[in-house]
Amino acid sequence: MKDREWRYLTVPSSWKGHRTWQDHPTLGTYTGYAWYRCFVRLPAEWAGERCRIYLGYVSEADHTYLNGELVGRTGELDRATGDRATGDRTPATSEYDIDPGIVRCGEWNVVAVRVHHSGLEDSGGGLVGVQY
């Protein structure tokens, strides 16, 4: 997908809060996978420092990448059904320490988050930020 084809979405928010998008009328009831992506530039002086990505509460599972490297995941999916496995959603927030070797200080870094929402929670899916 080309950069200009990505849709903008304000976070924290749930998919339910965006059900009026003209080209995505069912987004508010969507269950499945979605990708979030943003670009971050950290000061060159931070080179070698440990950093942390804080996503807040993710409904319901996430795999988080920095510059293409998996840096953490929260929640597990049942591989047979794709649904979130019961009782695996701890901790309540997703936050990950980043290896300094992955960060490109003074340059643009790409944070990408693959989110899965099965509909088992009523939070609406997405990077919702607060625990429901």
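Trainee: How many helices and strands are there?
Mentor: The protein has 0 helices and 8 strands. Helices (H or I, at least four residues) and strands (E, at least two) are DSSP runs, numbered from the N terminus. This is a predicted model: local features need pLDDT of at least 70, side-chain atom pairs count only at pLDDT 80 or more, and totals for chains, interfaces and linings use all residues. Residues are numbered from 1 along each chain as its sequence is written, and side-chain values use heavy atoms, with hydrogens and water left out.
Trainee: Which residues touch the most others in the largest nonpolar core?
Mentor: Leu 66, Val 71, Ile 98, Val 113 and Val 115, out of 19 residues. Such a core is a set of buried Ala, Val, Leu, Ile, Met, Phe, Trp, Tyr and Cys residues joined through side-chain atoms within 4.5 Å. Buried means under 20% relative accessible area, exposed over 50%, partly exposed in between (1.4 Å probe, protein chains only).
Trainee: Which elements give two or more residues to this core?
Mentor: Strands E1 (32–41), E2 (51–56), E6 (94–98) and E7 (108–117).
Trainee: Switching to Arg 52. Where is it found?
Mentor: In strand E2.
Trainee: Why does Arg 52 count as partly exposed?
Mentor: Because its relative accessibility is 48%.
Trainee: What does the side chain of Arg 52 make polar contacts with?
Mentor: The Asp 97 side chain, at 2.8 Å. Another polar contact, of 2.4 Å, joins the side chains of Arg 52 and Glu 95. A polar contact is a pair of N or O atoms within 3.5 Å; within protein, one must be able to donate a hydrogen and the other to accept it, and residues adjacent in sequence count only if both atoms are side-chain atoms.
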